[in-house]
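Here is my note on this structure, point by point. Keep the view open as you read.

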Amino acid sequence: MSDAAKGAPPVIFLMGPTAAGKTDLAIALARRFPIDLISVDSALVYRGMDIGTAKPDPHVLAQVPHRLVDILDPAQAYSAAEFRADALREIEAIHAAGRVPLLVGGTMLYFRALEHGLAELPEANPEVRAKLEAEAAARGWPALHARLADVDPLAAARIHPTDPQRISRALEVYELTGQPLSRLQAAATREPLPYAVAKWIVAPRDRAWLHRRIDTRFRLMLDQGFVAEVEALRARPDLNLHKPSMRAVGYRQIWEYLDGRYDYENMVARGTIATRQFAKRQLTWLRAEQGADWLPSEDPDLLTVLLARAEGIVG
């Protein structure tokens, strides 16, 4: 546990890549101890996006509530700054109730923003965004990623060549400020959390294990009605593939399948590959985490280990 705030109330971070088993572990801990859960997931914030986000079933959410789940319509945007403000409010409320907050999820930017604060960055500029979107439509996002590598190689190294949201934001910041996003982030005023943070990373030792989990879960989501879920979202006139919500892994691939861009099996392959790539990016972020305890997903005694750790914190 971090000693940055000695004597401060505890906060638990339960982090890991997609399909590593974080949610089930968090629910088990919340059933056993006076722990309240806060979701750290940029897709779970959206209502109506249930199957493809692996959102817990409604009866589970009724028994073990997750804060910051189903708080927005998919047409809305949600930033890391908004998450930080919301999470700090929920942490304070949980502590006021005499309980311990456990933040669980895989959106690493949100964890980073919460723990360290955020750089002062310019607000989104619709004109610059539109220009970048038009350029991407003409040349492709990998070409814009190559341009980003010229002006901000550090940011480009962290961003996948097919991640339109982050490529666009990094180039937008550069065009608005004339400075690389990575430089502005490095110069940010840090606002460390005033809490004692226990940081647990649940991740597999064997990447093939994770890939099998991802493949099995994606096909299970399809069996549960993932395509119909995307059909309902696609039917809305206020949603399109440029919305942050529709960039969630799996949703874009099914949307494009419904547009007739490829057949069903091709969609399945693209969806599983995109999820594997997402997990790889999450693991890259996680390896940079300081003061974290790594725990193998495959360990049959993992829950027992976490129960013991939680008991030491919650008492």
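1. Start with one term. Buried means under 20% relative accessible area, exposed means over 50%, and partly exposed is in between. Ala54 has a relative accessible area of 30%, so Ala54 is partly exposed. Bear in mind that this is a predicted model.

2. Stay with Ala54 for its backbone. Its phi is positive, about 55°, although Ala54 is not a glycine. Most residues other than glycine have a negative phi. Look for Ala54 in the loop between E2 and helix H2 (58-63).

3. Ala19 is another case to check. Its phi is near 70°, again a positive value in a residue other than glycine. Ala19 sits in the loop between E1 and helix H1 (22-32). Is Ala19 buried or exposed? With a relative accessible area of 7%, Ala19 is buried.

4. Now the sheet. Six strands form an open sheet in the order E3-E2-E4-E1-E5-E6, and the pairing is parallel. Which strands are at the edges? They are strand E3 (66-67) and strand E6 (292-296), and each pairs on one side only. Strands of a sheet pair through backbone hydrogen bonds.

5. Strand E2 (residues 35-40) runs parallel to E3, and two bridges join them. Leu37 has His66 in E3 as its bridge partner.

6. How many residues of E5 are buried? Eight of the eight are, so E5 is largely enclosed by the rest of the structure. Ala196, Ala198, Trp200 and Val202 point one way from E5. Val197, Lys199, Ile201 and Ala203 point the other way. Note that Lys199 is in this buried set too.

7. E1 and E5 pair in the parallel sense over six bridges. There, Val11 stands opposite Val197 in E5. E5 and E6 also pair in the parallel sense, over five bridges. Val202 has Leu295 in E6 as its bridge partner.

8. Next, the aromatic rings. A pair of aromatic rings is described by the distance of the centres and the angle of the planes. A search of the whole structure finds six aromatic pairs. One of them joins Phe13 and Phe111: the centres are 5.1 Å apart, the planes are at 50°, and the pair is tilted. Phe13 lies in strand E1 and Phe111 in helix H4 (residues 108-116), so the pair ties together parts that are 98 residues apart in sequence. Both Phe13 and Phe111 are buried.

9. Compare the geometry of Phe226 and Tyr251. Their ring centres are 4.9 Å apart and their planes are at 75°, so this pair is edge-to-face. Phe226 is in helix H11 and Tyr251 in helix H12, 25 residues apart. Both Phe226 and Tyr251 are buried. Elsewhere, ring pairs link Tyr78, Phe83 and Tyr110 into a cluster.

10. Helix H5 (residues 126-139) and helix H6 (residues 141-151) have axes 7 Å apart, at an angle of about 120°. That makes H5 oblique to H6. On the H5 side, the contact uses Leu132, Glu133, Glu135, Ala136 and Arg139. On the H6 side, it uses Trp141, Ala143, Leu144 and Arg147. These residues divide into five nonpolar, no polar and four charged.

11. Ser168 is in helix H8 (residues 164-177). At 2% relative accessibility, Ser168 counts as buried. Leaving aside neighbours within four places in sequence, Ser168 is in contact with Arg129, Leu132 and Trp141. Leu132 and Trp141 also take part in the contact of H5 with H6.

12. Ser245 is in the loop between helix H11 (226-234) and helix H12 (251-258). Its relative accessible area is 1%, so Ser245 is buried. What does Ser245 contact, beyond neighbours within four places in sequence? The contacts are Tyr46, Met49, Pro74 and Leu239.

Conventions
Residues are numbered from 1 along each chain as its sequence is written. This is a predicted model: local features need pLDDT of at least 70, side-chain atom pairs count only at pLDDT 80 or more; totals for chains, interfaces and linings use all residues. Side-chain values use heavy atoms; hydrogens and water are left out. Helices (H or I, at least four residues) and strands (E, at least two) are DSSP runs, numbered from the N terminus. Buried means under 20% relative accessible area, exposed over 50%, partly exposed in between (1.4 Å probe, protein chains only). Contact means heavy atoms within 4.5 Å. Axes are lines fitted to C-alpha atoms, for helices over the stretch in contact, and angles run from 0 to 180 degrees between N-to-C directions. Angles under 35 degrees count as roughly parallel, over 145 as roughly antiparallel, 65 to 115 as roughly perpendicular and the rest as oblique. Ala, Val, Leu, Ile, Met, Phe, Trp, Tyr, Cys and Pro count as nonpolar, Asp, Glu, Lys and Arg as charged, and the others, Gly among them, as polar. Two strands pair if DSSP finds at least two bridges between them. Rings of Phe, Tyr and Trp (its six-membered ring) pair if their centres lie within 6.5 Å; planes under 30 degrees apart count as stacked, over 60 as edge-to-face and the rest as tilted.
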